[in-house]
Amino acid sequence: MVFRKPPDGGWGWVIVVVSFFTQFLCYGSPLAVGVLYLEWLDAFGEGKGKTAWVGSLANGIGLLASPVCSICVSSFGARPVAIFSGFMVAGGLMMSSFAPNIYFLYVSYGIVVGLGCGLLYTATVTITCQYFDKRRGLALGLISTGSSVGLFIYAALQRELIELYGLDGCLLIVGALSLNILACGSLMRPLESSSSPPPEKMCVDKVPDQYFVYHEKEKTVEENISILEKGYIDEKSVNNVPDCKQDSILNKNVLSSINVNEKDTYKKKVVEQTNFCKQLAKRKWQVYLTYWKETMVLFKNKVFSALFVAILLFDIGGFPPSLLMEDVARSANISEDDYYMPLISIIGIMTTVGKLILGILADFKWVNTLYLYVTTLLMTGVALFAIPFAKSYLTLAMLSGILGFLTGNWSIFPYVTTKTVGIEKLTHAYGILMFFAGLGNSLGPPIVGWFYDWTQEYDTAFYFSGFCVLLGGFLLLLAALPCWNACTNQSSKLPPNTYSYKVASNA
């Protein structure tokens, strides 16, 4: 389908508003799952590591399944996927209220809600990109704050609902609120296609009726091969007749084949279909082979390889505080009277601030985005090391704000990826990095929880988390140093599709 030029406004601003609320409604509960985590610990009596899998799956499964989510949106469109995913998120939250054990939550909350969030994220980003070109950065920035605002509000909302209606009532109400995603999805009107039909369709329509050599009396044979025959005609007309100049040749070949024995004609068509399937399989295999070759070329770039390790270690070590900070406060015997605001709410609001400020800094020509990203990693590692020494609400609140602000480095991560691999490889590289980011999100909280189960304290767990983030930051810093470029230029040239990160003042 051919879409018309993005309007950069008009109905596009409606898309921005509904996409903002879609991310607000779907990500509010999963990002603020730390409040529910405490209740699940008391309700099921399982270990912290096993219970942490629920929240980590809900936040990581969407990134892990990002290729599947992209295929669904490309095949069915953003509006149907958003409406279907709204039912998934709402249904998963409501089913979680009836969970008899922690394993049921793995499926209902972890997989169903997590996959629904991944589909909704892909749908909102896709439909926004279709409506905006020149203002695409602004539009994407606005909708991305929906999840952070949702974290800020849902942390306090779920805490209040639990006190009033209990855990089960809280999940039912939050699930009912998620049904508003259906209204938002219904407003995601697809961008109108251009009036002129694509040339492939015109060529297919011009194929004469004589090409179908089977007559009415052979209806049983025709029914058996009609589906394969139509697919073969479409493929042949698209690939071999792009300008419709071969119609006359096709007519001559068809007319000469009518007088051939019908059994021989059928055998020839079977052979042709077999050859067509072989060629199609060969082409598909070549596509997959090319994909893996390009992936290997990406990993030959030292900065990209270091970035891959850094994002994995950052999510393993940096994501657990947003899930476990409330339990850290309870383990430190902080009184409920000292709570002025949930720690997760502080993380949420400071993440929004961090996204905006770091994104603005990245636009300055004198700021090197890679060094800025490395700085956020190193500061995150130091903040994680400081958590075991925080024994009051004030210090934990300060550390939560710092960690939330630094987590806003997600807004500059696409900048860093683009500078590292080039705009031509951005989609390929970003998909790989997001997959491993989802893997880190899924593994981080359970690992920290297992450390607590083994040691009965969080100190060792956060020392481990801080070490992971610092290690990733130092590896990325070493890979980006100018000496690497000098060594590379002296030894050998990079492969043709590989990009090195040039550390410069205008990066």
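Helices H3 and H6 cross in a right-handed way. Right-handed here means that the near helix is turned clockwise from the far one by less than a right angle. The model is predicted, so local features need pLDDT of at least 70, side-chain atom pairs count only at pLDDT 80 or more, and totals for chains, interfaces and linings use all residues. Residues are numbered from 1 along each chain as its sequence is written, and side-chain values use heavy atoms, without hydrogens and water.

Start with the crossing itself. H3 spans residues 48–64 and H6 spans residues 102–131. Helices are DSSP runs (H or I, at least four residues), numbered from the N terminus. The two axes come within 6 Å and cross at roughly 20°. Axes are lines fitted to C-alpha atoms over the stretch in contact, with angles from 0 to 180 degrees between N-to-C directions. That angle makes H3 roughly parallel to H6, a label for angles under 35 degrees.

Which residues of H3 and H6 make the contact? Contact means heavy atoms within 4.5 Å. From H3 come Lys50, Trp53, Val54 and Leu57, among others. H6 contributes residues including Tyr103, Tyr106, Tyr109 and Gly114. The contact residues divide into twelve nonpolar, five polar and one charged. In this scheme Ala, Val, Leu, Ile, Met, Phe, Trp, Tyr, Cys and Pro are nonpolar, Asp, Glu, Lys and Arg are charged, and the others, Gly among them, are polar.

Now turn to charge pairs. Side chains of opposite charge can pair when their charged atoms come close. A salt bridge puts a side-chain nitrogen of Lys or Arg within 4 Å of a carboxyl oxygen of Asp or Glu. The count is five.

Lys50 meets Glu46 in one of them, at 3.5 Å from N to O. Glu46 is partly exposed, at 28% relative accessible area. Lys50 is also partly exposed, at 28%. Buried means under 20%, exposed over 50%, and partly exposed in between (1.4 Å probe, protein chains only).

Lys48 pairs with Asp327 at 2.7 Å, N to O. Lys48 lies in H3 and Asp327 in H14, so the pair ties together parts 279 residues apart in sequence. Asp327 is buried, at 1%. Lys48 is buried too, at 10%.

Arg330 bridges to Asp42, with the closest N and O atoms 3.3 Å apart. Arg330 sits in helix H14 (residues 320–331) and Asp42 in helix H2 (residues 33–44), 288 residues apart. Arg330 is partly exposed, at 37%, whereas Asp42 is exposed, at 53%. Asp42, Lys48, Asp327 and Arg330 are linked in a network of salt bridges.

Note on methods
Helices (H or I, at least four residues) and strands (E, at least two) are DSSP runs, numbered from the N terminus. Angles under 35 degrees count as roughly parallel, over 145 as roughly antiparallel, 65 to 115 as roughly perpendicular and the rest as oblique.
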